[in-house]
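Please examine the sequence and the three-dimensional structure shown below. The paragraphs that follow lead from one residue to the fold as a whole.

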Amino acid sequence: MSDQTEGRLTGYFSWYSADGVEAIINAMVHPQQRRQGIFRTLLEAAATDMREQGIQACRFKVPADSDAGQHTMEHLGAQFDKSQYAMEFLALPSDEIRNPNLALRPETLKDFGFMVRCSTHAFGDSEEWTLRYFGNTREITTHVS
């Protein structure tokens with residue numbers, strides 16, 4: 001959502017579903033523009049789309065240090081479920097990888113079955129759910145292996 005007079009971004013709302021049942025939501029509103037109904041407007045618009053696509057539950061990603069986000073969740077009546085860690089891999093030059101028994105490389109199509117089995121076993125989800133999750137969250141890549 002952008003400010004009509006200055007063209008500034010004042011609110012952001014994105015959602016996706018890995019399983020077609022639960023929406024994962026990220027949203028933010030500029031601190032100087034809060035308490036003006038921007039988040040509510042964005043949430044209502046997204047809720048219409050989510051209902052049409054059969055979404056039954058929402059999971060909001062809220063930083064632990066965001067008082068405004070925590071208060072918004074309380075106001076919505078949301079319940080805390082769990083916390084997560086975020087990790088980012090920054091590709092290292094091969095000479096910086098010091099373990100000769102470890103090779104880091106992008107996944108290939110032939111790794112897919114192994115990835116599904118590992119994820120299913122590690123997280124206790126069904127193989128069907130894991131396949132749907134990977135199918136819905138895979139990024140299109142341009143690299144050739």
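Where is the place of Arg-35? Arg-35 lies in the loop between β2 and α1. Here helices (H or I, at least four residues) and strands (E, at least two) are DSSP runs, numbered from the N terminus. Arg-35 counts as exposed because its relative accessibility is 86%; buried means under 20% relative accessible area, exposed over 50%, and partly exposed in between, with a 1.4 Å probe and protein chains only. The phi angle of Arg-35 is near 65°, which is a positive value in a residue other than glycine.

Some notes on the source are needed at this point. This is a predicted model, in which local features need pLDDT of at least 70 and side-chain atom pairs count only at pLDDT 80 or more, while totals for chains, interfaces and linings use all residues. Residues are numbered from 1 along each chain as its sequence is written, and side-chain values use heavy atoms, with hydrogens and water left out. The pLDDT is the predictor's confidence in each residue, from 0 to 100. Its average over the protein is 79, and 80% of the residues score at least 70. Among the elements, α1 has the highest mean pLDDT (91), whereas helix α4 (residues 127–137) has the lowest (80).

The protein contains four helices and three strands, and along the sequence these follow the pattern β-β-α-β-α-α-α.

The strands may be considered next. Strands of a sheet pair through backbone hydrogen bonds, either parallel or antiparallel. In this model, three strands form an open sheet in the order β1-β2-β3, with mixed pairing; two strands pair if DSSP finds at least two bridges between them. β1 (11–16) and β3 (57–60) each have a single partner strand and stand at the edges, so one side of each is left without a neighbour in the sheet. From one strand to the next, the twist averages 25°; axes are lines fitted to C-alpha atoms, for helices over the stretch in contact, and angles run from 0 to 180 degrees between N-to-C directions. Strand β2 (residues 22–29) pairs with β3 in the parallel sense over four bridges, and Ile-25 stands opposite Phe-60 in β3.

Helix α1 (residues 38–52) packs on the sheet and touches β1, β2 and β3, where contact means heavy atoms within 4.5 Å. The direction of α1 makes about 25° with that of β1.

Finally, the protein may be viewed as a whole. Buried residues make up 20% of its 145 residues. Among contacts between residues at least 6 apart in sequence, 50% join residues at least 24 apart.
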